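Colleague: Could you take me through one part of this model closely, and then place it in its wider setting?

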Amino acid sequence: MGIPYTPLEGLYILLAASSLLVLVIILSFYKKLGIGKEFTYAIVKGGGQLVLIALFLTFLFQTKLWIFLIWILLLTMIIVGGHTSAKRATHMPHAFQITTPSILIGATTALIVLALSRAMPLQPQYIIPLAGMAFGNSMSICSLSLDRLVREINLNRTGIESMLSLGIPSKQAMEEYNRLSIRAALIPTIDRLKTLGVIFIPGAMAGLLIAGTDPLVAAEYQIIVYLMIVGGGIITAMTVAFLARKKIFTEYDQLAEWLYKE
Amino acid sequence: MSKKTSLEMEVKDLDLWYDTKQALKKVNMPVYKNKITAIIGPSGCGKSTLLRCMNRMNDIIDKCRIEGEILFDDKNVYRKNYDVVELRKRVGMVFQKPNPFPKSIYENIAYAPRIHGIKKKKSLDGIVQQCLKDAFIWEEVHDRMESSAMGLSGGQQQRLCIARALSIEPDIILMDEPCSALDPIATAKIEDLMRVLVKDYTVVIVTHNMQQAARVSDYTAYMYLGELIEFGETEQIFENPQEELTEKYITGRFG
Amino acid sequence: MVEEFHNELEKLKKQVVRMGNLAQDMLKKSVKALKEKDTDLAKEILNCKNEIANMDEKIEQDALKLLTLFQPMAKDMREMATVLKMITYLARIGRYGKDIANITLELAHKPHVKELVSIPYMAKEVDSMINDALTAFENEDVESIDGFTAREKNVDELRYSIFRECLTYMMEDSKTIKRCARYIMVARYLERCGDHAVKMAEKVFYMVTGDHIDLDPPGPTPDCEL
């Protein structure tokens, strides 16, 4: 059952797989795509983080202290997710004040539902990967919706100002752009949902299959996971829209200064 | 100017800083009821800033500091906790570029009244029709109320925007270079419209076009580098300005 | 654009000054011709008639062109308005010069009733007023038109005194009537030229200051049985 090689053997295979990346990086420098540097950094950072978390998990699964340690892990996920997402709105002051709670609320709701429905047994082996998925997904949806929202508001500045000048409160003035940003943020998730199993076997299911689970059970589980992702995602996107108003408008319903720098 | 004039709004000792740059310096200016007041001056003189202070569209937080007051209904609109949404319902605005909502012609007008609580179709129909008539555009659009406002010509769009501003029954209409994107014929129509509107509304217009200011306005204010250099009846400003700076600007002997 | 307008406006004003000099010249010479019975000089003045009419026409057209193209405001507008008014007054002054030249020709075959003194003196006064109005226009300085109200009154008085003098001659000797009637006309023309000088001064005052002024306020009519 599971993947049939030891960590050491895995390292060799990893190196072999990396050759593809090296090729990509060389290509990107050659073609001046301008992503080579960032790409390299991302891979090294991501890879390093994965190894660290693997070591941490190994420890976590063996100790009874997991019930405390897991909180540290979850907290880290939220903070890192919030800050990463906050970078999407370059000029928005303290954007993490929006992203962190949005991710937290979206992902936590999904996790609570999973826990209550017993889809997620309260054991680290389940909580950690599922929480990772929930937070990761909420983060990307948060980034997408925030990015889109700021862009839409900027593109439609005159339209919004016209509304404000008609005495329409900011809440209503940005309604339409909220809708757009929520929808835009969910497009990748919905597309993936549509092509589920056709174009790619999603992560959770792939994991279960590799681990030797019955495909039907794996599919069931994948659907559960997707529901969580969509549900949590919508909540995140809505929270972003709700919270962003205070950043986008001043307390006197004017478009905030930072928008003019975007 | 024989008709009796009363004050609609009054700018008093208004200072405005962006960061360390002072955009308005001790500006004092009356806005008379049922009159057109034009604000002229070279680019960057603060005329648009002053206009947008009147419905509080541009005193963005942080680095923007304001001293002095703008009195409207005997209340300073810069008082703390002033209800700007209410203010804007009474001080409408028309922008430089025609910017109708990407909705139907009907919706453009009905939008704000509906949000302000008028829900009955019949009342809305009445408002839409009246505003379009008042803005001299009814004849051109009454048979295509449901088509998109974006299909109208620039001049029509701007008149639609004026109609939209009328939909909230404001007391004052602020116009920020409303004709700068329009051809002379469309401009002439808007100017005619302003002369009619001023019977029921008070109009403040910022314009780069001095002939336009001379043609349409009753009072003219000349601003330079954030200061109000001269304010007076339009005829006087254009025939016999008292300040050398005004004279120089008006006759193009500038810089 | 604006630069071009201001250059054109300067040129226009120079043309007005030239026209003014011509009108002045015509008036001055016509009185000289009258006094000295110089028919050659009188004919020369008649020839100037077309020249001043052409200048009037030309300046007016140029001014209208500038108004159309540049729509001047403030002082520029006032200068344009003043130019348009000035040329009318100057053309009239020129025409009075022509009229006096005509009278000279009519009277050429007869001696004067007596040597002309009052008329040349009056002409000198009027000429200096026209001159001051033109100078004020050229230099945009209203100082030289300060005493115009009094000077205008003075010219009026001169006209009446010439009138009274002529009345005496005509009553004494009916043969002088034809000539004296002409003298009275000349005095009348000169007085009108003085009025035009005052009008010009008023326009120049408006041009320079933007304010309207009345340099010839209605006062008591001089005591005279006309």
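Modeller: Two residues are in contact when they have heavy atoms within 4.5 Å of each other. On that basis, and leaving aside residues up to four places away in sequence, C:Asp132 touches C:Ser144, C:Ile145, C:Phe148 and C:Arg151. This is a predicted model, in which local features need pLDDT of at least 70 and side-chain atom pairs count only at pLDDT 80 or more, while totals for chains, interfaces and linings use all residues. Residues are numbered from 1 along each chain as its sequence is written, chains are lettered from A and ligands numbered from 1 in the order written, and side-chain values use heavy atoms, without hydrogens or water.

C:Asp132 itself sits in helix α4 of chain C; helices here are DSSP runs of H or I with at least four residues, strands are E runs of at least two, and both are numbered from the N terminus. Further along the chain by 10 residues comes C:Val142, whose C-alpha atom is 9.2 Å from that of C:Asp132.

On a 1 Å grid over the protein atoms alone, a cavity is a set of points where a 1.4 Å probe fits but cannot get out, and lining residues have an atom within 4 Å of a point. The structure has three such cavities of 30 Å³ or more. About 110 Å³ is the volume of the largest cavity, and its lining includes C:Val113, C:Lys114, C:Glu165, C:Cys166, C:Tyr169 and C:Tyr183. Two or more lining residues come from each of α4 (118-139) and α5 (148-172) of chain C. The leading contributor is α5(C), with four residues.

The largest pocket brings in chain A. A pocket is an open set of points with protein on both sides within 12 Å along at least five of seven lines. The volume of the largest one is about 1,400 Å³. It is lined by 33 residues, and those closest to its centre are A:Lys45, A:Gly46, A:Gln49, A:Leu50 and A:Val80. Helices α2 (36-62), α3 (66-86) and α5 (124-155) of chain A each give two or more residues to this lining, with the largest share, 15 residues, coming from α2(A).

Chain A as a whole has 10 helices and zero strands, and its C-alpha trace spans about 65 × 50 × 40 Å along the principal axes. Among its contacts between residues at least 6 apart in sequence, 69% join residues at least 24 apart.

Note on methods:
Points joined across faces, edges and corners; volume = space filled by probe spheres on them.
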